[in-house]
Amino acid sequence: MEKRLLVIANWKMYVTTPKDASRLAKAIRAEVRTARKIDCAIAPAFTLMDSVAKELKGSKIALAAQTVSAHESGAHTGDVSAEMIKALGCKSVIVGHSEVRAGGQSDASVRAAMKRSLDAGLRAVLCVGEHERDHDHGSHFTFIESQLRSAIADYAKADASKLIIAYEPIWAIGEQAQAAITPLALRETVIFIKKILTQHFGREAGMAIPILYGGSVDESNARALVEGGDVSGLLVGRASTTA
Ligand code: PGA
């Protein structure tokens with residue numbers, strides 16, 4: 001079977017107006033038409049969902065959400081629940097992005113948000129990643145393992161197909177980033193994540209969970225990261241706002 005890559009565009013708060021969102025979605029749609037072996041999803045801000053959904057109608061590009069509430073419904077001002085996201089037409093949702101975690105989202109809350117997402121029938125793109133670049137000492141492994149195990153604890157083999165893992169080392173994300181990870185260091189961490197997933201879900205189910213990389217991905221390094229890092233795709237921030 002041919003290997004398909006998953007590329008998720010995380011627009012964060014870079015794209016702000018419905019007009020810009022429509023224009024960019026249209027341009028991405030045109031680019032993706034000729035891209036073979038790539039599955040693509042766009043995660044716009046909630047306020048732009050409607051405009052993007054209209055632009056993507058009839059295309060193969062899926063709609064995703066950038067975050068999800070840990071709560072099911074009720075008195076949670078400003079929150080958007082998994083059911084609401086599902087009703088918008090989203091297929092997947094980013095859970096536990098480091099920028100959301102930095103705002104106070106705990107591991108327990110990530111776990112609850114995962115549960116809400118899966119219960120609503122969404123696929124969860126679970127983000128994990130260490131703060132500091134310290135691959136020489138391997139301390140990032142302990143950190144990633146604890147984030148990962150905490151989030152997947154409630155799930156078994158049958159749920160594995162509802163999960164996507166996005167490895168996003170925080171030091172490599174956004175404008176403050178030093179640089180993207182090297183393909184070799186990425187490969188090493190991907191092997192480690194696969195080991196945890198297979199221990200938890202069993203060999204076959206664990207190996208089938210896609211692992212994406214995110215953090216300073218752009219046109220210049222995407223191919224090397226995918227091929228050298230042995231990932232199933234990419235979660236792209238800044239660079240995803242250029243079609
Ligand atoms: P970046 O962000 O590509 O701008 O580094 C990636 C992400 O945070 O998902």
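Eight strands close into a parallel barrel, in the order β1-β2-β3-β4-β5-β6-β7-β8. Strands are DSSP runs of E, at least two residues; helices are runs of H or I, at least four; both are numbered from the N terminus. Two strands pair if DSSP finds at least two bridges between them. From one strand to the next, the twist averages 25 degrees. This is a predicted model: local features need pLDDT of at least 70, side-chain atom pairs count only at pLDDT 80 or more, and totals for chains, interfaces and linings use all residues. Residues are numbered from 1 along each chain as its sequence is written, and side-chain values use heavy atoms, without hydrogens and water.

Strands β2 (residues 38–43) and β3 (residues 62–65) run parallel, joined by two bridges. A41 stands opposite A62 in β3.

The whole structure holds twelve salt bridges (a side-chain nitrogen of Lys or Arg within 4 Å of a carboxyl oxygen of Asp or Glu).

| Pair | N to O distance |
|---|---|
| D20 and R23 | 3.4 Å |
| D50 and K54 | 3.1 Å |
| K194 and D230 | 3.4 Å |

D20 and R23 are three residues apart in helix α1 (residues 18–33), so about one helical turn separates them. D50 and K54 sit four residues apart in helix α2 (residues 49–56), again about one helical turn. K194 lies in helix α7 (residues 183–201) and D230 in the loop between α9 (222–229) and β8 (233–236), so this pair ties together parts 36 residues apart in sequence.

K194 is buried, at 18% relative accessible area (buried means under 20%, exposed over 50%, partly exposed in between; 1.4 Å probe, protein chains only). D230 is partly exposed at 31%.

Terms used
Axes are lines fitted to C-alpha atoms, for helices over the stretch in contact, and angles run from 0 to 180 degrees between N-to-C directions.
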